[in-house]
Amino acid sequence: MTVTTTPDPEAIRPELDEPGVQLAAGSFGRRGNSSLRVGVATLWLSVIVLLPLAAIVWQAAGGGWRAFTEAVTSRAALDSFQVTLTISAGVTVVNLLFGLLIAWVLVRDDFPGKRLVDAIIDLPFALPTIVASLVMLALYGKNSPVGLHLQHTAWGVAVALAFVTLPFVVRAVQPVLLEIDRETEEAAASLGASGRKVFTSVVLPALLPALLSGAGLAFSRAIGEFGSVVLIGGAVPGKTEVSSQWIRTLIENDDRTGAAAISIVLLLVSFVVLFVLRLVGARAARHEERSK
């Protein structure tokens with residue numbers, strides 16, 4: 001006859017209280033929480049980003065490859081690409097220089113009203129872009145109080161784009177500049193290095209990844225900007241009409257496939273620029289870490 005015995009719970013408890021069992025339970029809990037976080041993040045990213053992108057790709061492909069190529073290679077589309085990319089690239093370079101200068105002043109210099117200036121930097125983020133266009137029109141339009149008439153000119157578009165993209169560079173560089181070790185700069189200066197040499201050899205390599213990241217964000221924002229240039233630019237074909245305005249024209253003409261095709265090109269350009277600049281920035285960061 002077989003006798004079945006019930007395990008004593010008190011005899012099992014010491015085994016459950018062993019460190020290995022507790023560690024495994026803790027690891028399982030962390031893995032469970034991590035999986036939940038990853039799932040929620042992926043779901044939200046899919047709803048907010050991936051699904052809209054998939055929808056625009058589906059709409060662009062609705063007319064077939066021939067319709068897509070005709071839309072993106074038409075004379076008006078090519079002119080809008082040229083205006084958009086040329087002005088955006090120039091504005092990005094200018095903001096790269098002045099954004100670095102402003103970030104340097106905010107971090108390294110003390111002056112009256114510094115907190116106010118620091119708050120003003122974020123104003124283009126909060127200000128509706130159409131309001132920015134109204135401001136530009138009032139300042140540089142036909143009745144310009146400063147004597148600069150930039151309405152319906154490429155310079156007017158450039159000023160508007162510079163206004164809305166400057167904060168990207170400043171806010172990307174500012175926190176990195178705050179974390180740079182000042183002792184390294186002082187040591188280089190004590191060894192006889194000039195101020196320019198200290199900046200190019202010590203400071204600039206540390207700031208390069210942040211500068212490239214800020215430049216990529218500024219360029220991507222510029223090529224997709226619409227509200228701030230709609231009034232000051234005037235959408236003059238081949239002169240001030242940016243791609244976002246050409247997209248609006250296509251939509252008004254009920255050519256949604258063509259508008260989606262132009263949008264896909266802008267998305268691809270933005271993605272490639274961001275990817276390349278992030279890659280270069282990551283390599284620069286690794287090189288900087290190895291050189292320390």
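This is a predicted model: local features need pLDDT of at least 70, side-chain atom pairs count only at pLDDT 80 or more; totals for chains, interfaces and linings use all residues.
A residue counts as buried when its relative accessible area is under 20%, as exposed when that value is over 50%, and as partly exposed in between. Of the 292 residues of the protein, 33% count as buried.

The protein has twelve helices and zero strands, and along the sequence it accordingly follows the pattern α-α-α-α-α-α-α-α-α-α-α-α. Contacts between residues at least 6 apart in sequence are made in 74% of cases by residues at least 24 apart.

An annotation may be set beside this arrangement. An unreviewed UniProt entry lists residues 38-61, 81-107, 119-141, 153-177, 198-219 and 259-280 under "transmembrane region". In the model, the chain over residues 38-61 is 96% helix and 0% strand, and the C-alpha atoms at the ends of that stretch lie 31 Å apart. Over residues 119-141 the chain is 78% helix and 0% strand, with 27 Å between the end C-alpha atoms.

Helix 8 comprises residues 154-179 and helix 10 comprises residues 195-223; their axes come within 8 Å and cross at roughly 155 degrees. Because an angle over 145 degrees counts as roughly antiparallel, helix 8 is roughly antiparallel to helix 10. The crossing of helix 8 with helix 10 is right-handed. On the side of helix 8, the contact is made by L161, V164, T165, F168, V169, A172, V173, V176 and L177. Helix 10 contributes V203, A206, L207, A210, L211, G214, A215, L217, A218, R221 and A222.

Is P175 buried, partly exposed or exposed? Its relative accessibility is 38%, and P175 therefore counts as partly exposed. P175 and A210 are 35 residues apart in sequence, and their C-alpha atoms are 9.1 Å apart in space.

Helix 11 is followed by D254, which has a positive phi, near 65 degrees.

Terms used. Residues are numbered from 1 along each chain as its sequence is written. Side-chain values use heavy atoms; hydrogens and water are left out. Axes are lines fitted to C-alpha atoms, for helices over the stretch in contact, and angles run from 0 to 180 degrees between N-to-C directions. Helices (H or I, at least four residues) and strands (E, at least two) are DSSP runs, numbered from the N terminus. Angles under 35 degrees count as roughly parallel, over 145 as roughly antiparallel, 65 to 115 as roughly perpendicular and the rest as oblique. A crossing is left-handed if the near helix is turned anticlockwise from the far one by less than a right angle, and right-handed if clockwise. Contact means heavy atoms within 4.5 Å. UniProt positions are given in the numbering used here, feature names are shortened, and annotations may be inferred rather than shown by experiment. Buried means under 20% relative accessible area, exposed over 50%, partly exposed in between (1.4 Å probe, protein chains only).
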